[in-house]
Structure formats: C-alpha cells, structure tokens
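Good morning, and thank you for coming. I would ask everyone to turn to the sequence and the structure on display, and I shall then describe them step by step.

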Amino acid sequence: MEERINVLNKIKETIKLCRKFKVKIIFASFASDFYGLRNSYDMISFLITLGMEPGEARKSLTNILEIEKMNKEKKSGELVREGVRIIKKLG
C-alpha cells in the first residue's frame, strides 16, 4: 500500500515539474491485454485527481499522436525542424 502512495506522489511531483518547465506530458496505460485497457474518461478523471487541469489531462492522452506524426515527417525528410518544412524539392 505504501508503495502505491509513493508512486502516486512521484507522479504528482512529475506533473508539477512538467507544468513548470512547459514539457509535453504523455500518459498511457501500457495495457498488456484487453482487460487492462481503460476508458479515456476514466484516465482523464484519474489525472484530474492527481492535480492536472481537465484540458491538460485530455491533451496528455493525445500528445502521443502529435509526436508520432512529427516523427513520421522527420523520417520522410519533410520536416527540417519544428515549424520548418520542405514544401518542394528543386532539381
């Protein structure tokens, strides 16, 4: 029981640090089977109880999609840096 309390307190501290330094937060269940999956509303409620704002909690579940999209663009060679894309190659 005490181990769970320590883990939850560390998550709370991490959320505060991410908010302070403006780091994107990604939250996932890492379920190994169908029965371990959780509804997104349940996960958002859990994050709110840990101290996140509702919009911040929703964003933490969708940040992974943005990062995945950006990584695909980097691999394809379209994205030079964040905000800089190659539109058309000449020659």
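**Overall architecture**

The protein contains three helices and two strands, where helices (H or I, at least four residues) and strands (E, at least two) are DSSP runs numbered from the N terminus. Read from the N terminus, the order of these elements is α-α-α-β-β. Please note that this is a predicted model, in which local features need pLDDT of at least 70 and side-chain atom pairs count only at pLDDT 80 or more, while totals for chains, interfaces and linings use all residues. Residues are numbered from 1 along each chain as its sequence is written, and side-chain values use heavy atoms, with hydrogens and water left out.

**Dimensions and burial**

Let me turn to the overall dimensions. The C-alpha trace spans about 65 × 35 × 25 Å along its principal axes. The radius of gyration of the protein is 17 Å, whereas a compact globule of 91 residues would have one near 12 Å; the radius is taken over C-alpha atoms, and the globule rule is 2.2 Å times the number of residues to the power 0.38. Of the 91 residues, 15% count as buried. Here buried means under 20% relative accessible area, exposed over 50%, and partly exposed in between, with a 1.4 Å probe and protein chains only.

**The nonpolar core**

Which residues make up the largest nonpolar core? The ten residues are I15, C18, I25, M43, I44, L47, L50, M52, A57 and L61. Such a core is a set of buried Ala, Val, Leu, Ile, Met, Phe, Trp, Tyr and Cys residues joined through side-chain atoms within 4.5 Å. Helix 1 (2–20), helix 2 (40–49) and helix 3 (54–76) each supply at least two residues of this core. Helix 2 gives the largest share, three residues. Leaving aside residues up to four places away in sequence, C18 touches V23 and I25, a contact being heavy atoms within 4.5 Å.

**Individual residues**

K22 is not a glycine, yet its phi is positive, at about 55 degrees. K22 counts as exposed because its relative accessibility is 75%. F30 lies in the loop between helix 1 and helix 2, and its phi is also positive, near 50 degrees. Most residues other than glycine have a negative phi.

Finally, V84 belongs to strand 2 (residues 84–85). Its relative accessibility is 41%, so V84 counts as partly exposed.
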